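Please walk through the model below, from overall fold to single residues. Terms are defined as they come up.

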Amino acid sequence: MQRHSFIKRVVGIVLGVTAGLVLLLWQLGLPPLYAGLIGINAMTLLLYGFDKRQAASGGLRIPEVVLHLVALLGGSPAALVGQELFRHKTRKVAFRLVLVGTFLLQAGLAYGYWRLSRG
């Protein structure tokens with residue numbers, strides 16, 4: 001039960017900081033969609049870097065479910081970049097498969113939306 005409350009706190013903090021960043025970018029003039037994508041991808045990259053640092057120092061880690069959640073919410077490009085940039089979770093085949101599947105699903109949905117919007 002303690003792990004569950006930790007995950008809820010981490011998700012709350014991540015979503016709060018991301019929402020603040022998105023609002024800031026929106027106020028600076030970016031369209032909401034771009035502000036949201038930049039915000040969630042920036043947060044995802046920071047989470048991967050932080051988790052790698054914590055893994056190297058033996059500190060408190062970001063749960064994998066949180067990393068998958070931010071990727072699912074639109075941060076999958078940054079998650080893929082973060083994996084390679086920080087050499088983080090590259091040996092965990094199951095983790096990589098879920099991440100690549102998330103990216104492919106999002107790319108397919110974006111392509112489908114683009115095709116439908118063109119008429």
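A residue is called buried under 20% relative accessible area, exposed over 50%, and partly exposed in between, with a 1.4 Å probe and protein chains only. At 1% relative accessibility, serine 76 therefore counts as buried. Serine 76 sits in helix α3. Its C-alpha lies 8.0 Å from that of threonine 44, although 32 residues separate serine 76 and threonine 44 in sequence.

This is a predicted model, in which local features need pLDDT of at least 70 and side-chain atom pairs count only at pLDDT 80 or more, while totals for chains, interfaces and linings use all residues. Residues are numbered from 1 along each chain as its sequence is written, and side-chain values use heavy atoms, with hydrogens and water left out.

Now the fold. The protein chain has 4 helices and 0 strands. Read from the N terminus, the order is α-α-α-α. Helices (H or I, at least four residues) and strands (E, at least two) are DSSP runs, numbered from the N terminus. Along the principal axes, the C-alpha atoms fill a box of roughly 50 × 35 × 30 Å. Of the 119 residues in the protein chain, 32% are buried.

Next, the pocket. On a 1 Å grid over the protein atoms alone, a pocket is an open set of points where a 1.4 Å probe fits, with protein on both sides within 12 Å along at least five of seven lines; lining residues have an atom within 4 Å of a point. The largest pocket holds about 340 Å³ of space; a volume is the space filled by probe spheres set on the points, which are joined across faces, edges and corners. Two or more lining residues come from each of α2 (32-57), α3 (64-86) and α4 (93-117). Helix α4 gives the largest share, 7 residues. In total, 14 residues line the largest pocket, and Leu37, Gln106, Ala107, Leu109 and Ala110 lie nearest its centre. The lining has 10 nonpolar, 4 polar and no charged residues. Here Ala, Val, Leu, Ile, Met, Phe, Trp, Tyr, Cys and Pro count as nonpolar, Asp, Glu, Lys and Arg as charged, and the others, Gly among them, as polar.

Last, the loop between α3 and α4. Arginine 87 is placed there. Arginine 87 is not a glycine, yet has a positive phi of about 50 degrees. Lysine 89 belongs to the loop between α3 and α4 as well. Lysine 89 has a positive phi of about 60 degrees, again without being a glycine. Lysine 89, at 12%, counts as buried.
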